[in-house]
Amino acid sequence: MSDGEAAAVALQAGGGPAGPADADDPQEAPPADAAAQGLQDIAERLMSSGHERPEQDACPICFDLIGFPVAVYSSINQCCMKVICIGCILAARQRGIYDRCPFCRTPLPRDDPSKLEMIQKRVSKGDAEAISFLGEQYLYGNLGLSKDIPRAIELWTEAVDLGSVNAHYSLGFVYYNGKGVEEDKPRGIHHWQRAAMKGDVDSRHNLGRVEHKNGNYELALQHFMISAKMGYEVSLDGIKDMFKEGHATKPQYAEALLGYRDAVEEMKSPQREEAKRLRCLYSNLQKTSVGERGQR
Ligand SMILES: [Zn+2]
Ligand SMILES: [Zn+2]
C-alpha cells in the first residue's frame, strides 16, 4: 500500500493509524506535513474521480450503460464474462438465438460443472473478471463449490492486481461487514475508495453511508450526489432523507433528482423497456451478486 492509500484509509478511519492491514508495511511513516498533504490529495481525488462508470458496466452489444440493479437488468455469460443487457438478450431471442451467447456465440453451458469449467479456463488465462467472479462463487458456495471465503479473498486480491473494480468492491464488502473474515472497516473502506475512484457506483454509495453514519454529512452528500447522478436510486433516496433531516438543501436534492433522471433516461431503450415488461422470462438469468449489489 502506498503512503497515499494509507492516508486514505486513515482519513476514513478518523485520522487514526491505517489499521492492521498495514502492520507489515515496511515503508516508514511520512513526515506529518507530507501525511497531511497526502490526506488532502486523496480526499480531492476521491471526490473528483470516478464520476463515469467503468467500461464493463456498458453492454458490449448496444454499448449503453446497464440500469440498476445491474443483476436484474443484465446477465453475465461465463463464456466471455461479458455483462449483456436484457434488451440485447431479448433481441437475440427474437432472432432465434436461445442456446448461444448473444455476444461471442459460444453455446451456453448446460449445468454447473460446465459453467465452472468455462470460468476456470478464463481464470487460467488471467482474466481479471473471471477471477473476481470465481471469488463470488466461493463466497456463496455456488456452482457446486464449497463455501470458502479465504479462497474468495485470495482470488479477489489477485483480480484487484489485474485491475478488477468488482473485486475491490467485494473485498470492501467482506472486510467492512466482517463476512467470513475478521471485521476490518478501514480496510473495507480502502477497497471501496479504490473502486469508487474507478466509477463503481455501489462502492461510492457505501462510502456515502459510512460518512453519514459518522456524522460527516457534507462528505456523505458529496458521495451520494455522485452516485445519484450516475442513476443510482438508492443514493437519490439517501439525499432525499438528508433533505428531510435538514442535512441537504432543497436545491441540492433538486440537483440530484435532475441528474438521476438524465442518467436513467440514457440507460433506457425500447428493447430494454420491452424486456423489462417480459422480465419474468429472464428471472433464471440473474447472476449472483455480492451483497445483493445494487439492490440495497
Ligand atoms: Zn445491450
Ligand atoms: Zn459469450
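The following legends describe close-up views of a predicted model.

**View 1. The zinc ion (ligand 1) and its four cysteine donors**. The SG atoms of C59, C62, C85 and C88 coordinate the zinc ion (ligand 1) at 2.3 to 2.4 Å. Angles subtended by the four donor atoms run from 107 to 115°, and the arrangement is therefore tetrahedral. For four tetrahedral donors, the ideal angle at a metal is 109.5 degrees. Along the sequence, the donor residues follow the spacing C-x2-C-x22-C-x2-C. C59 has a relative accessible area of 1% and is buried, whereas C62, with a relative accessible area of 26%, is partly exposed.

**View 2. Packing of helix 3 against helix 13**. Helix 3 (residues 86–94) and helix 13 (residues 270–277) pack with their axes 7 Å apart, at an angle of about 85°. Helix 3 is therefore roughly perpendicular to helix 13. On the side of helix 3, the contact is formed by I86, G87, C88, L90, A91 and Q94, which meet Q271, R272, E274, A275 and K276 in helix 13. By class, this contact of helix 3 with helix 13 has five nonpolar, three polar and three charged residues. C88 of helix 3 is also one of the residues coordinating the zinc ion (ligand 1).

View 3. Leaving aside residues up to four places away in sequence, I84 touches C59, P60, I61, I66, Y73, S74, S75, N77, I89, C101, P102 and F103. One of these contacts, C59, is a donor residue of the zinc ion (ligand 1). The C-alpha atoms of I84 and A58 are 8.1 Å apart in space, with the two residues 26 residues apart in sequence.

How values were computed
Residues numbered from 1 in each chain as written. Chains lettered and ligands numbered in written order. Predicted model: local features only at pLDDT ≥ 70, side-chain atom pairs only at ≥ 80, totals over all residues. Heavy atoms only, no water. Donors = N, O, S within 2.8 Å, 3.2 Å for Na, K, Ca; no water. Tetrahedral: all angles 85-135°; square planar, octahedral: opposite > 155°, others 65-115°. Buried < 20%, exposed > 50% of the residue type's maximum accessible area, 1.4 Å probe, protein only. Axes fitted to C-alpha atoms, helices over the stretch in contact; angles between N-to-C directions. Helix = DSSP H or I, 4+ residues; strand = E, 2+ residues; numbered from the N terminus. Parallel < 35°, antiparallel > 145°, perpendicular 65-115°, else oblique. Contact = heavy atoms within 4.5 Å. Nonpolar A, V, L, I, M, F, W, Y, C, P; charged D, E, K, R; others polar.
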